[in-house]
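Okay, thanks for having me, everyone. Let me put the model up and then walk you through a few spots.

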Amino acid sequence: MTNLTIAMHGVTGRMGTHQHFVRSILAIMRQGGVRAANGEMIQVTPILLGRNETKLRHLAEVVADQEIGAQVAWSTDVDAVLTDPRVDIVFDASSTQMRASIVRQAAQQGRAVYCEKPIAVDVPQAMVLAELCESAGIKNGVVQDKLWLPGVCKLRALRDEGFFGDILSVRGEFGYWVFTGHDPDRPAQRPSWNYRREDGGGMMLDMFCHWQYLLGDLLGPIDRVLAHATIDMPERIDEAGNPYPCTADDSAYAIFVTESGITCQFNCSWATRVRRDDLLTIQIDGTKGSAVAGLRDCWVQEMAATPRPVWNPDIPQPIDFHSGWQKLPDTTTYDNAFKVQWELFLRHVAADEPFPWTLRRGVDGVALAEAGQTSSAEQRWVSLGG
């Protein structure tokens with residue numbers, strides 16, 4: 001049996017709390033650990049790190065006790081914990097601007113590093129962090145959770161079985177309305193730094209990193225991008241109740257073309273109202289069939305079920321376009337996507353099992369976001385070719 005001590009920095013934020021701490025690490029502790037391929041059982045001991053003592057104490061003592069019947073350690077002395085020789089892994093889910101200092105300290109101490117994306121605000125900084133981890137010889141990884149969403153897993157299975165035939169195009173719709181906070185009865189759902197470019201915020205920097213690894217996994221590398229970004233809501237209210245000007249894009253639109261020539265269109269917005277099946281939907285059209293996946297479910301339409309519409313605006317639409325789609329059944333049990341990757345990383349650290357999602361892979365995501373920003377600013381196609 002191996003026990004890995006994990007210093008978890010930034011867990012008081014939305015993603016850090018719910019996806020990484022509660023639904024991943026505490027869930028792993030509750031199930032008794034993770035079994036490696038060699039039969040070894042890997043258990044974990046978290047230490048929660050941050051600046052907000054009240055939130056840390058609540059997570060470590062109240063939330064942990066509710067989830068696993070025991071409390072976990074916490075500290076506001078980040079430097080002391082990161083230099084503690086008992087720490088095996090340093091995890092960071094704080095704001096992008098803080099990431100570099102945490103990763104740098106961990107690498108200097110010889111700790112394995114696992115962190116959220118984007119790993120940095122630009123490619124040069126991202127490359128420095130990746131090379132730092134590599135030169136230190138430490139195991140490292142970046143969160144790429146959407147690879148294990150049930151809906152995406154179903155798309156991947158359809159691709160592998162040849163359901164689509166030749167893939168023609170992909171269309172993605174992502175986002176929802178994030179309240180500005182001006183109405184006290186409708187507080188904002190996301191932290192204020194997300195909307196300040198100087199603090200590492202922005203839709204492109206946040207989401208294009210996801211589309212890079214997701215499209216790369218499903219279709220192959222992206223060759224070029226044409227993008228447009230905008231600030232739809234010029235003012236929001238921060239955590240202290242004060243108005244602030246938004247300097248980072250809250251909506252971004254892009255056409256990605258893969259190296260194999262597949263056109264992918266993605267609309268992303270924090271200022272849109274949802275009238276689709278899920279917060280994220282991805283449609284893949286092929287010569288033999290099409291599929292639309294949300295976070296969990298996936299609907300398919302084969303050529304034999306494809307309707308033959310006739311354009312006639314003078315009569316009510318006679319075709320129920322939704323009825324021609326078949327919902328795929330769940331043929332397996334899908335675990336939380338963040339937890340799946342956490343388990344893979346723990347096996348990588350403890351048992352040297354493969355883990356290709358390194359910080360160098362995270363650089364590629366930042367490169368696509370940077371290319372999108374350049375495309376938007378200069379109103380042109382930008383190539384990602386070496």
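One term before we start: I'll call a residue buried under 20% relative accessible area, exposed over 50%, and partly exposed in between, with a 1.4 Å probe and protein chains only. Also, strands are DSSP runs of E, at least two residues, helices are runs of H or I, at least four, and both are numbered from the N terminus.

The housekeeping: this is a predicted model, where local features need pLDDT of at least 70 and side-chain atom pairs count only at pLDDT 80 or more, while totals for chains, interfaces and linings use all residues. Residues are numbered from 1 along each chain as its sequence is written, and side-chain values use heavy atoms, with hydrogens and water left out.

So, strand S15, residues 289-293. Five of its five residues are buried. Gly289, Ala291 and Ala293 point one way, Ser290 and Val292 point the other way, and all are buried. In a regular strand, side chains alternate between the two faces of the sheet.

What does S15 pair with? Pairing here takes at least two DSSP bridges between two strands. S14 (280-286) runs antiparallel to S15 over four bridges, and the two make a hairpin with two residues between them. On the other hand, S15 and S16 are antiparallel over five bridges, joined by a hairpin through four residues. Look at Ala291: Ile284 stands opposite it, and in S16 its bridge partner is Val300.

Next, the second largest pocket. By pocket I mean an open set of points on a 1 Å grid over the protein atoms alone, where a 1.4 Å probe fits, with protein on both sides within 12 Å along at least five of seven lines; lining residues have an atom within 4 Å of a point. Its volume is about 510 Å³. There are 16 lining residues, and the closest to the centre are Asp277, Gln283, Val292, His322 and Trp325. S14 gives the most to that lining, with three residues.

Last stop, His182. Where is it? In the loop between strand S8 (167-175) and helix H7 (203-219). His182 counts as partly exposed because its relative accessibility is 43%. Leaving aside neighbours within four places in sequence, His182 is in contact (heavy atoms within 4.5 Å) with Glu235, Arg236 and Ile237.

Key: Grid points are joined across faces, edges and corners, and a volume is the space filled by probe spheres set on the points.
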